[in-house]
Amino acid sequence: MLLVTAFVTALFSLGPGLGFSGVVFAIAGFTAVNHPISTVVAIVTSRALRVLYVAFTQPVARATIDPGAPGPPDWAGIGFQVHALGFLIGVLLGVAALHHGRRRPTIERVFFGTLLFGLAQALWLIAWSGEGDVYFLYRGVGVVLVLLLTMLIAVAVAGSDRPLPRPLSPLPWTPTRRQFAVGWLVLITLVLMASLAAVATAGGPSS
């Protein structure tokens with residue numbers, strides 16, 4: 001399954017890659033819905049250990065002005081679309097695993113665990129290049145999307161099995177709240193894949 005995920009995320013990447021980061025985010029998505037508290041603890045622990053390691057190996061930092069040519073901002077080169085796609089694939093696999101299991105985390109743990117992971121790991125990062133040397137970072141839109149996505153994931157994992165109110169169901173049958181959220185997650189994943197394929201066919205983001 002990891003190999004398939006790596007192939008899919010690499011296929012829909014807007015640049016060259018092997019899909020490794022997509023697999024990492026897929027594992028994170030799977031873990032976030034199955035063990036949300038452990039996911040948050042792992043993030044905090046890894047960041048704390050990284051700070052301690054740098055503090056002991058480089059107690060004093062020395063820097064000079066970069067003499068090289070100007071380059072784009074650091075965030076412009078991050079494959080955020082692969083991270084989002086990998087995370088969504090991992091979430092859907094995690095939801096499927098929970099469907100066949102007896103244990104299910106609470107909706108509060110899934111919500112806060114997923115939200116903290118999304119904010120800490122920059123799932124909100126949406127960047128685009130415009131005319132010339134101008135780059136845009138849509139941080140506000142990204143944070144709102146992460147919040148909405150977190151709500152869908154929480155309901156898909158631990159939402160009620162009661163059917164939706166009839167006026168809110170556009171389908172001929174009335175899905176449960178959890179089925180409705182899962183359907184939206186599948187739709188968002190497919191739309192993201194289709195959008196990436198269309199951009200890649202058109203030659204990638206404008207520069």
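**Notes on the predicted model**

1. Start with Arg 178. Setting aside residues up to four places away in sequence, Arg 178 touches Arg 104, Val 155, Ala 156, Val 157, Ala 158, Gly 159, Ser 160 and Asp 161. Arg 178 sits in helix H7. Its relative accessible area is 14%, so it is buried. The model is a predicted one.

2. One of those contacts is a salt bridge. The side chains of Arg 178 and Asp 161 meet at 2.5 Å, N to O. Asp 161 lies in the loop between helix H6 (139-158) and helix H7 (177-201), and Arg 178 in helix H7, so the pair ties together parts 17 residues apart in sequence.

3. Now the overall layout. The protein chain has seven helices and two strands. Along the sequence the pattern reads α-α-α-α-α-β-β-α-α. Of its 207 residues, 31% count as buried. Among contacts with a separation of 6 or more, 69% are between residues 24 or more positions apart. The chain exposes about 12900 Å², and carbon and sulfur atoms supply 70% of that area.

4. Helix H6 deserves a check on geometry. At 1.5 Å a residue, its 20 residues should span 28 Å. The end C-alpha atoms are 28 Å apart, which agrees. Which residues of H6 are buried? They are Gly 142, Val 146, Leu 149, Thr 150, Ile 153, Ala 154, Ala 156 and Val 157. Seen down the axis of H6, these buried residues fall within an arc of 160°, so they line one face of the helix. In general, an α-helix has 3.6 residues a turn, so residues three or four places apart point the same way. Two of the buried residues of H6, Ala 156 and Val 157, are also among the contacts of Arg 178.

5. A nonpolar patch of about 870 Å² is made by Trp 128, Val 134, Phe 136, Tyr 138, Val 141, Val 144, Leu 145, Leu 147, Leu 148 and Met 151. H6 gives the largest share of the patch, six residues. Leu 147, a member of the patch, lies in helix H6. Leu 147 counts as partly exposed, at 36% relative accessibility.

6. Helix H3 (residues 36-57) can be read in the same manner. Its 22 residues should span 32 Å at 1.5 Å a residue, and the end C-alpha atoms are 32 Å apart, which agrees. The buried residues of H3 are Pro 36, Thr 39, Val 40 and Ile 43. They cover an arc of only 105° around the axis, which puts them on the same side of H3. The face turned away from that buried side carries the exposed residues Leu 49, Tyr 53 and Phe 56.

7. Where does Leu 137 lie? Leu 137 is found in strand S2 (residues 135-137). At 23% relative accessibility, Leu 137 counts as partly exposed. Not counting residues up to four places away in sequence, Leu 137 touches Trp 75, Trp 124, Leu 125 and Ile 126. Leu 137 and Ile 126 are eleven residues apart in sequence, and their C-alpha atoms are 5.8 Å apart in space.

8. Ala 84 lies in helix H4 (residues 80-99). Ala 84 counts as partly exposed, with 23% relative accessibility. Ala 84 and Thr 189 are 105 residues apart in sequence but 8.9 Å apart in space, C-alpha to C-alpha. Leaving aside neighbours within four places in sequence, Ala 84 is in contact with Leu 123 and Leu 192.

9. One backbone angle to look at. Phi of Ala 122 is near 60°, a positive value in a residue other than glycine. Ala 122 has its place in the loop between helix H5 (107-120) and strand S1 (127-129). Ala 122 counts as partly exposed, at 25% relative accessibility.

Notes:
Residues numbered from 1 in each chain as written. Predicted model: local features only at pLDDT ≥ 70, side-chain atom pairs only at ≥ 80, totals over all residues. Heavy atoms only, no water. Helix = DSSP H or I, 4+ residues; strand = E, 2+ residues; numbered from the N terminus. Buried < 20%, exposed > 50% of the residue type's maximum accessible area, 1.4 Å probe, protein only. Contact = heavy atoms within 4.5 Å. Areas by Shrake-Rupley, 256 points an atom, 1.4 Å probe, with all protein chains shown as cover. Salt bridge = Lys/Arg side-chain N within 4 Å of Asp/Glu carboxyl O. Patch = residues over 30% accessible without salt bridge, like charges linked within 9 Å, V, L, I, M, F, W, Y side chains within 5 Å. Expected span 1.5 Å × (residues − 1). Arc of directions from axis to C-beta.
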